[in-house]
Structure formats: C-alpha cells, structure tokens
Amino acid sequence: MYFSTTDVTFMNKSSRLNGNEAGGEEALVGNVNKLTVSPPGYSGAPRKGHLVFDACFESGNLGRVDYISEFEFDLFIRPDTCNPRFRVWFNFTVENVRETQRVIFNVVNFSKTKSLYRDGMSPVVKSTSRPKWQRLPAKNVYYYRCPDHRRNYVMSFAFCFDREDDVYQLAYCYPYTYSRLQHYLAGLERRKLPYLQREQLGLSVQQRHLDLLTITNCDQLSPEREKKLVILTARVHPGESPASFVCQGLIDFLVSQHPVAQILRDYVIFKIVPMLNPDGVYLGNYRCSLMGFDLNRHWQDPSPWAHPTLHAVKQLIIQMSQDPSVSLEFYIDVHAHSTMLNGFMYGNVFEDEERVQRQAVFPRLLCNNAADFSFSNTSFNRDVVKAGTGRRFLGGLLDDTSYCYTLEVSFYSYMTPASAAPVAYTEETYMKLGMNVARTFLDYYKLNNLLTDNTPSHVRSCEAPSQAGGDVADKETERSQNVKH
C-alpha cells in the first residue's frame, strides 16, 4: 500500500533560516502551478524524485513549498481569497516521484489551534492507479505547535510513494467540487423525474450557478391541502466538503423509489440548495467567498452585489414564509465540524418552554435513525457571535411553527454505543447520514402508518440531551473555538 507506515525520522528543523518566513503566509495569493522542487543550487534538468507540486485545479489549495532536505518539505496553505485569516483546506497533487521515495510533509501554517488531527484524523490520498480516496494511517500524522513557524500549528505526516508513474493527490478531506455537483445534477435531470425540478436561483459573483432543487409530488398539491415545506442548504463554508456528501445522500434518498421517499414526496415539499458558495468551493477556499466574506455572518443584510447567492436564498425563504399554500417548518443548514466527532445539531433558544421542547423532537428522532448522530452533542444557544448565521437570523425571522438548525458532521469520525474506537467517516457514510435525515421526516410527521411494508422501527435510545440556556452556550463556545458555523 502506498500509504504504509514509513521509518522516516522527522528532521531537525534548526537548519531553517528566518528568511524562509519572509512575507509570511499572508503573501500567498495563488496556488503552485507544476512547481518542481529541486535541491538548493541544483540547475540541471529535473531528476526522478525532484517532486512536482500542483494545485492549479478546481478546489485546489497549496500556496508554497519549501525544500528542507531530500526527505522533508514544508507546505504552506494558501489563505482564502481576500481573507488571510483562514488557512485550513489543502488539496494538491505530487508527481515525478521515485519508487519507494519516503518523505515528510509539514503543513506549517494552519490558522486553527484545535484540530481533529490531534485525535486521529489524517489527510486523504488517492493516485491515478488507485482513484478511490483513502485516509492515511493516523500513526503517521503529528499535529503540534512549532516554534520554527511563528508558533503556528503544524501537521506533519510521513508518506512513501510506491509507483513512479502515478500522480498522487492529497487533501484535507474528501473533495466535492462544483463540477462534481453540476455533473450529478445533470444526471438527475436526465432521468426526467416528475417529482424533481431543478432551477437556477441565481448566479455567484463569478457567474457560477446557484442551483435549487424542488422535490415533491406535484399531483398531491391542491389549494385545500397545506403542504409542509423543508428548506435545506449546504456548503456556505466551501471547505466543509462532508456537507455535500450529506446533501447528496438526502437527495438520492428523496428521489428514490423507497416507500418512505414516496410518502414524503406526497406530504412534504423539499427545497434544497446544495452549494450556497460555489465560488469559494471552486477556488479552494475554506470558509469564505471569492471576495473574502464569511457568508454565514451576513444573513441579516446580504448584498445582492457582494453576497448574491446568500441574497437569493434569503429572498426565497422570505417568499416561502409568506406563501399561504405552504407551511415552512424547517430550515436546515449543513456544515462540517473540525474539532468534534459524530453528527449533531445546533438549535436556538426560545422563551416559550413548549417551543423549546418541540424543537428538540427532530434531533431526538434523528438520533434513533442514525447511529452516528449524537443527541448529547446537540445543543441550543443564543451565542452573540452567531447572530449573523442562517440558523440564528431565520430563527428570529420565521414564526413559532418553524425550526432552524445547523446540522454538523465531523470531518473525521463518529462513535456509536457499540464502537470501542472512533469509526472514520467515508463518502458513503456521510451520504448515509443524509439519507437518515430524510427518513426522519417520516417519523416527525407521524406518517409511519402509511407504510405498507414491514420496515423495522428503530429502538436504539439516545444519549442524554444538553440543556438549553447559558451553560449550553458556554459549552458550544468551548467546543467550537475557532470553528464557528
């Protein structure tokens, strides 16, 4: 296996010169483009083993590479466009390798302090002859504060290249690109499903599509029968790629012929925006849009010029909330979390105790349906710093029959009552969580009696919930330091 444990020892970094830090990570404004990294002073044609790095592709991110020795390289994440604060996502390729070449890669300029890399998470890798993403062994990965890099946090990992002709790709987590979404949505359209409508809700600053899917059985729409409306968005933070897998899992289930999906389409309208920040995703940003805005802090007054995708989604939600033919009951914004395990939710705090209890119903039901969803991690707060988020703003805008949640899923893994150790998420298990979110609406709306098959009921009990109020806000702040959704 090309990611087997190596015996490479981490190099002494005292040889690094202060000049290596000249300009700092703030000076990184573009990705490396087929950059050949040769030993200092070498001027001939590149030899096999002189690594060639590239991140000039969709969702790519690598701003700089420093040669430390033939065994060791410092890698610098390119900050989000127009915003040097965020340096987390990386995604790059390496080629011109030598068979059995062993290296240490040090990602030296993370902007976060806390990270799941301390808890066993590892980068993902694939190569041209092995195109399925896999995680590196956790024992090859080290996350620590480094005095040689302004005391930034560094993630170092050992790697052994095993096939000379392969191009290797390494990333922070499984990428899900804008083009992949467009290909997926085009495939759905070709199926000409009568209960699926795709429309362009708007365009991004760089003129990429803001897609809106509506999934419902139109034959069941009538003025006499009010339909429930669920709105779901994902990828407002572009580096949180697990959110796209969760979203696709939910869509795949809702358009399927599963009996539960058929019933849901009869009783519920689902409106889904799979990629709220397409420019940020395309550019390989972690948190921001092209212009450097964290869109999930601008719900209160989004600009049609600076935040066009957010503005369009907000207008849709306001329009739907005023439509007397539908009852807007859920807004769910899907994210990924960089310091916690499992799936879990954030909700709002209300003065009305009955509304507080009603808000807890959906996460409780989801806990019964999804072994990787944690109700004990789910919390409700009114943290001031979250006031501009979709969950907080829409929770105050919509009436007391509507519930707004942030659905978080770990970048790394989940624990279940039956697991002795964390189970690493895969693309498939992220999608399964999305499927279970969809199934939970059947339980929430008490439509189980319409099932004609013998679908087994879920009997696994939830963990104890968090209590609403100030303590929860404190806990969420502690858990979410530097990871605000």
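The buried residues of helix H2 are Pro242, Ala243, Ser244, Phe245, Val246, Cys247, Gln248, Gly249, Leu250, Ile251, Phe253 and Leu254. Buried means under 20% relative accessible area, exposed over 50%, and partly exposed in between, with a 1.4 Å probe and protein chains only. Helices here are DSSP runs of H or I with at least four residues, strands are runs of E with at least two, and both are numbered from the N terminus. That makes 12 of the 13 residues of H2 buried, so the helix is largely enclosed by the rest of the structure.

This is a predicted model: local features need pLDDT of at least 70, side-chain atom pairs count only at pLDDT 80 or more, and totals for chains, interfaces and linings use all residues. Residues are numbered from 1 along each chain as its sequence is written, and side-chain values use heavy atoms, with hydrogens and water left out.

Now the whole protein chain. It has 10 helices and 21 strands. Of its 485 residues, 58% count as buried. Take contacts, meaning heavy atoms within 4.5 Å, between residues at least 6 apart in sequence: 76% of these join residues at least 24 apart.

Next, some strands. Strand S7, residues 124–127, pairs with strand S8, residues 130–135, in the antiparallel sense over three bridges. Pairing requires that DSSP finds at least two bridges between the strands. A hairpin of two residues joins S7 to S8. S7 also runs antiparallel to strand S11, residues 168–171, with four bridges.

Last, Ser410, which lies in strand S19, residues 403–410. Is Ser410 buried or exposed? Its relative accessibility is 0%, so Ser410 counts as buried. Leaving out residues up to four places away in sequence, Ser410 touches Leu116, His337, Met340, Leu341, Asn342, Tyr425 and Tyr430. Gly343 is 67 residues from Ser410 in sequence, yet the two are 6.2 Å apart in space, C-alpha to C-alpha.
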